[in-house]
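Student: I've got a structure on my screen and I'd like to talk it through. Could you take me around it, one question at a time?

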Amino acid sequence: MPLSLEEIKDNYDRYKQAYSERDTRMEQVLLVRKGRMCDVYPDLFPDGPFENPIVANMVDIAARDLSEVIAPLPAFNCNSPTMVSDKERKKADKREEIVNGIIDFSDLQTQMFDAADRYVSYGFVPAQVEVDLENNMPRIRFLDSYGCYPVIDRFGKVHGMYQRIKKSLAELMAAYPEYAHLLYDKESTNSMLEIVRYHDKDQDILFVPQRNNIVIDRAPNPIGEVLIRVIQRPSLDSQARGQFDDVLAIQVAKARYALLSLEAATKAVQAPLVAPRDVSELALGPDAVIRTERPSDVRRLSIDIPPGAFAQQQVLEGELRLGSRYPESRTGNIDASIVTGRGVQALMGGFDTQIKSAHAMYARAFVELVGLALKVDEKVFDNMEKNLRGTRNGVPYAIKYKAARDIDGDYTVDVQYGLMAGLDPNRALVFGLQARGDKLISRDFLRRQMPFSFNATQEEEKVDTEDLRDSMKQAIASYAQAIPALASQGQDPSDILYKLSTVINERQKGTPIEQAVSEAFQPENPPPGAMTPEVVSPDMIGQPGAVPPGEGELPMGMSATGRMQGVAPGQIAPGGRPDVQSLLASLTQRGEPNLQASLVRRLPVA
């Protein structure tokens, strides 16, 4: 049974009180990142010219850098390696296009930069699946963490959420003119009003506590399921804690030390002038002349700065980086030692683990959010035929679909950031090829681990087509190599030359290679009563010098298999180039990728 307004209001007050400590931490992080450190620690920043900090805001720099690394989206796949029939694969491909279309429609990639920033700074970020009735599409939207109070049970399941929103009275009256007469207050025209939004499996409700809990909007839940998920950083006490909750004081102390150093330097430059007693007139400014019997005593009053103050600034810098888990190598200060073996990867270890843990949390959330979006699409829009545009592997596409038919109750999606996430491109490629070379993983699995949008089934079809086309080109080239052998035996090679020229002419016209070969090498229908040629037995194939039955001596240089003698299978000419995997799937003794090529000539064993 849906909760009443009184129950919602009482629960909101209780959750707001329970999350008060978390709200205080979030507000302090927000103020420090804005540079308003004097609002957090007013006693350390007196009014005057030294009120604002003059050092780099390491908290803001680290948060932005970390969020930009987390932000790239994973790959969304609906195909499964266990699918056997083409019908299942085509249906999964259609559903995958729908998923990628929803992601593009929701503009998730742009949203991820803010969402990752909130995840790092506040320790959690909520996301919701909304129904866009204007475009007849489900939309995934990340919400602002500040002011959100999720209702989560001990199993981590979200049962509802309260969201506190601040709006000016003018904005609120413009958005809801039908309630303007109830919202208006002449004594607080420019004041900010607190709006509370509540969502659960039954309803969405929007009310204003400061105006006697006026309900300005209410809507039933279209599918009877909570459409909000919360991505939260791992925590010891299940409380959302940001990356920088414990280092704010260090950042403030560092800023205060810099201000004190600047103040000391300013006072040292502007210190009073000390002169002996015989100086009766004191001239100031450039080229000023001071008459005295003791010129060595004319000087500025010295103000000594303790050397420990500068050492303390270095200590604070180190503590700030250690507490925020932000390595020096991210700002260009690489302290790699060849002697000790402490390299860049070791320095980046703590940073990489943060990325992997964040990707794991987001991957789980995306599985649930995309599943909810598919469920909303099927249950709300049902048999409505819709046009959807999206992008896959950098190529735009457009489809028509009906949610009831093409989704058909299957809301599963595979979300993978890939095994290569966190590795630089060179080592990622080497690692993948090594695993493939040792047959630890399959091609299909490796394709699905790529850190970008990728249709594994479609790419497999393209690769197979390219391989078959290369084999066809190789067969034509081998066919052309038979011309010298036939000419040396006095045979007429004009038929071969005609077919090769036909293929070339068709290719110049833009005809695909398979169609050109099909037209040039069309089999001739034998005349009625003609004898069919004998078939070469399998035992004879591959044997050097084997002669098919019913035929005489083969042309010089030709074998019974139709290949040139001395040319291994799969090669156009003696020698051949190694494949990419042979080039890259190796490492040197220092652990660096070996990108050197080698040429190997293979000859068949007689």
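**Walking through the model**

Student: Which order do the strands take in the open sheet of five?

Tutor: Keep in mind that this is a predicted model. The five strands form an open sheet with antiparallel pairing. Two of them, S4 (148-152) and S8 (214-220), are edge strands that pair on one side only. From one strand to the next, the twist averages 15°. Reading across, the order is S4-S5-S6-S7-S8.

Student: What is the bridge partner of Arg197 in S7?

Tutor: Look at strand S6 (residues 192-199) and strand S7 (residues 203-208), which run antiparallel and are joined by four bridges. In S7, the partner of Arg197 is Leu206.

Student: Which residue in S9 stands opposite Val125?

Tutor: S2 and strand S9 (residues 228-232) pair in the antiparallel sense over five bridges. One of the pairings puts Phe124 with Gln232 as its partner in S9. Opposite Val125 stands Ile231.

Student: What phi does Asn136 have?

Tutor: Asn136 sits in the loop between S2 and S3. Most residues other than glycine have a negative phi. Asn136 isn't a glycine, yet its phi is positive. At 25% relative accessibility, this asparagine counts as partly exposed. Its phi is about 55°.

Student: Is Asn212 buried or exposed?

Tutor: Asn212 is found in the loop between S7 and S8. Its phi is also a positive one, near 60°, in a residue other than glycine. The cut-off for exposed is over 50%. With a relative accessibility of 74%, Asn212 counts as exposed.

Student: Which residues touch the most other members of the largest nonpolar core?

Tutor: This core has 68 residues. Its largest share, 13 residues, comes from helix H12 (residues 349-381). Phe366 has contacts that include Leu73, Phe76, Met112, Phe142 and Tyr417, leaving aside neighbours within four places in sequence. The residues touching the most other members are Phe142, Tyr362 and Phe366.

Student: How far apart in space are Lys91 and Ile407, C-alpha to C-alpha?

Tutor: In sequence, they are 316 residues apart. Lys91 touches Arg405, Asp406 and Asp408, not counting residues up to four places away in sequence. Lys91 is also partly exposed, with a relative accessible area of 36%. The distance in space is 8.5 Å.

Student: How many disulfides does the count come to?

Tutor: A disulfide is a covalent bond between the sulfur atoms of two cysteines. The test used here is a pair of cysteine sulfur atoms within 2.5 Å. As for the cysteines, Cys78 is buried at 6% relative accessible area, and Cys148 is buried at 0%. The count of disulfides is zero.

Student: Last one, on the whole chain: what share of the residues is buried?

Tutor: The chain has 19 helices and 14 strands. Among contacts between residues at least 6 apart in sequence, 65% join residues at least 24 apart. The accessible surface comes to about 35600 Å², and 53% of that belongs to carbon and sulfur atoms. Of the 606 residues, the buried share is 39%.

How values were computed
Residues are numbered from 1 along each chain as its sequence is written. This is a predicted model: local features need pLDDT of at least 70, side-chain atom pairs count only at pLDDT 80 or more; totals for chains, interfaces and linings use all residues. Side-chain values use heavy atoms; hydrogens and water are left out. Two strands pair if DSSP finds at least two bridges between them. Helices (H or I, at least four residues) and strands (E, at least two) are DSSP runs, numbered from the N terminus. Axes are lines fitted to C-alpha atoms, for helices over the stretch in contact, and angles run from 0 to 180 degrees between N-to-C directions. Buried means under 20% relative accessible area, exposed over 50%, partly exposed in between (1.4 Å probe, protein chains only). Contact means heavy atoms within 4.5 Å. Accessible areas come from the Shrake-Rupley method with a 1.4 Å probe; for residues, only the protein chains shown count as cover. A nonpolar core is a set of buried Ala, Val, Leu, Ile, Met, Phe, Trp, Tyr and Cys residues joined through side-chain atoms within 4.5 Å.
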